[in-house]
Amino acid sequence: MISSKMDRPHAVIIFFFLLLFLPISSLHATEYYGLRLSGSDCFLCHTAPEIGTLNQTGVQFQEEGYRYPMTLKGVLFNILGGPIVFILFFSFYRRYRLWHIGKGKIRWGQWRERWKGLLSNGFGHRTLFRSFFPGIGHFLLFWSFLILSLGVTAVILQEYFIFPLWRVRFIDSNTYPFLRLLFDLFGVLGWLGTILLIVRRYILKPRELDEQRTDACSLVILFFIFLTGFLATGIRNQIYQSPWTSWSPVADSISSFLLRWKMDENHLKIFFSLFWWSHLILSLAFISCIPFSKLLHLFSSPLSILLRNLEVKGTLKKIDLEASETFGVTHLEEFTWKDLLELDGCTRCGRCQENCPAHLTGKPLNPKGVIQNLKRHLADLSRAKGNSKLIGDVVTEEEIWECTTCRNCLEHCPIFIEPMAKLLEFRRSLVLNQGKVPKETHFAFRNIERKGNPWGFEPSKRMFWTKELGLKTVIPGEKTDLLFWIGCYGSYDDRNIKVAESLARILNQAGLNFGVLGSSEWCCGIDLRRMGSEYLFQVNVEKNIEQLKRLEFKKMITTCPHCFNTLKNEYAQFGADFEVIHYTDLVEELIQQNKIRLRRRNEKIKITYHDSCYLGRYNEGYEPPRRILRAMEDFSFTEMEKSREKSFCCGGGGCHMWMEERTGKRINETRILQALDKEAEILTTVCPLCLTQLDSAVKVLNADDRIRVRDILELVVERMET
Ligand code: SF4
Ligand code: SF4
């Protein structure tokens, strides 16, 4: 077993609460709750429930207030409930100890942001509602669970703290009917939510859901908890003919079918006891399942949302190379405390899996599988099985290298779990501790290190074309408004040189003062970092920052979303504070301000747009490209099914431009087929990697006569009035 870092004060606090809770809940409150809310109302028998008063049948009220004397029923309940509550708390304590084998501290800062996220994503189900059916089912069940629990807590607080201390009751004969109505309505909503989730899981059977024994168990138990609760309440109403009967209309309607049989009071009481005990035993069974099933997410998921990573989206964790002895994650305990909490927060909903391009094209990577395997390993360790080594035992190298860093898994996870970040930590471990990278990427690494570009071209040949266009090279001491960061593709790749030239023509046409870096520009280093080579990445960053700091410019502009993300978000981790924009922002502005005018053409071409992961999901640049396309009136724009935050990857990110795709379908070809489904004649994009990947897929699929891939800049330049 792994030794825990949990300190004694934490353990003492948890046990203190446990001891405090036990007498309240199992010895008193549950008795009260059980009898009063599901059993009977003392107001029904005692018009003035005070010690010594008699009811109509001459029975004396025996305790102060609404409390009941201990009955056989109560004793039995405590025998059942006490140990379950104890097991529940003890299991939480064990989970807590287990999370604490991870390193790092809890993220305490930015509380306003954290609570806002919890309210909108946890309570409001914002991300869950991206898929309506599971979203609504879960939403109904969640709110029902919450309101019913709060109602019970309010009763317990009143009866055991507020009334004894201050003699105040906020739930009295005036407000109690509303509490019953609330329980009735939220009960039926929860029941409906449960039914929707059962229908989805067992009738619709979506691909992303896998099945574990406890799933059926918890849904069936929930279904019957609601049903027996309604039946017990409805029959109680019938027995006592309470003046508040009409305040639980759903329970009355549901139980009415039983009441069609003419039963005498004794039979009704037998049925009432049957449903009451079933309700109680099922509720206790449900509670006892929580620590051992995915129901644990009732607690771990909100915690995971609250403590989520609030770093800027496009950044990876910076490693302090000098202070670290090992890098990335090789063993479980090298993850952070929060990473391990996330494993328990995973609900196995499969949203990450259903949006992962690697998984969808048949590669041996499934982000949900990675998280679940890590979770199982964590549980095994708690039972002293196996060792904490991960790479090779729990996650394979193949899985680790298949990730294209498209960010889909992070974007769609309702719990803010980060499978991609974990895979990249494994890459760091492989590269920095063991010197392992896929063979075919060696040359790109070496070339970036020596020549500042992945192909190994001479730095002096970088952006040779800019001279032909007469572009100014910015030098120290000379002020420029815009520094055009051209990037490796725009400098050396023929197809992308045309795109970079297009931007230069547009900037010239708009009369902007801009310049380029010339041969002193060096690869921004994104692929080095995504491959796990943090050391080489940091060398590149320092070299570029040093170079850039010598120049005077207001903004940097780039055509490449990968360079854009790195320069804007990741260089800031190293002290850079340059303003960086992607060309789509500026070109859209120039069109709106009429600084460039677009000619009208008398044709209507069907066009669609492929969102680049690094502009879209990483930097939320969804609108500007679409607005530019709409400004060109000869296009009829159609949206692909997988667009915006759901956009499918081109397959080139995460260093996959330099890797072979050996298994499954090719990601870039899959994307082209999606565009062909829309019968689009032109597929547009705003990224050199996407352009290269998609263009080559069109050729492989022999689809040149049906679709062309163009960068938006090329289309703008073709229509620009000069
Ligand atoms: S980042 Fe993309 S490719 Fe990588 S695991 Fe997540 S969804 Fe899959
Ligand atoms: S990691 Fe997130 S998206 Fe993936 S299965 Fe778990 S909860 Fe769902």
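**Close-up 1. Helices α21 and α29 make a left-handed crossing in this predicted model.** Helix α21 covers residues 494-509, and helix α29 covers residues 712-719. Their axes come within 8 Å and cross at roughly 45 degrees. From α21, the contact uses K498, V499, S502, L503, R505 and I506. From α29, L713, E714, V716 and V717 take part. By class, this contact has six nonpolar, one polar and three charged residues.

**Close-up 2. Cysteines are among the nearest residues around ligand 2.** The shell holds 15 residues. Those that come nearest are C346, C349, R351, C352 and C413. The largest share comes from α14, with three residues. Sorted by class, the shell around ligand 2 has nine nonpolar, three polar and three charged residues.

**Close-up 3. Ligand 1 also has 15 residues around it.** Here C356, C403, C406, C409 and M420 come nearest. Helices α13 (357-360), α16 (408-412) and α17 (419-434) each supply at least two residues of the shell. The class count around ligand 1 is ten nonpolar, four polar and one charged.

Definitions and conventions. Residues numbered from 1 in each chain as written. Chains lettered and ligands numbered in written order. Predicted model: local features only at pLDDT ≥ 70, side-chain atom pairs only at ≥ 80, totals over all residues. Near = placed C-beta within 6 Å. Helix = DSSP H or I, 4+ residues; strand = E, 2+ residues; numbered from the N terminus. Nonpolar A, V, L, I, M, F, W, Y, C, P; charged D, E, K, R; others polar. Axes fitted to C-alpha atoms, helices over the stretch in contact; angles between N-to-C directions. Left-handed = near helix turned anticlockwise from the far one by under 90°. Contact = placed C-beta atoms within 7 Å.
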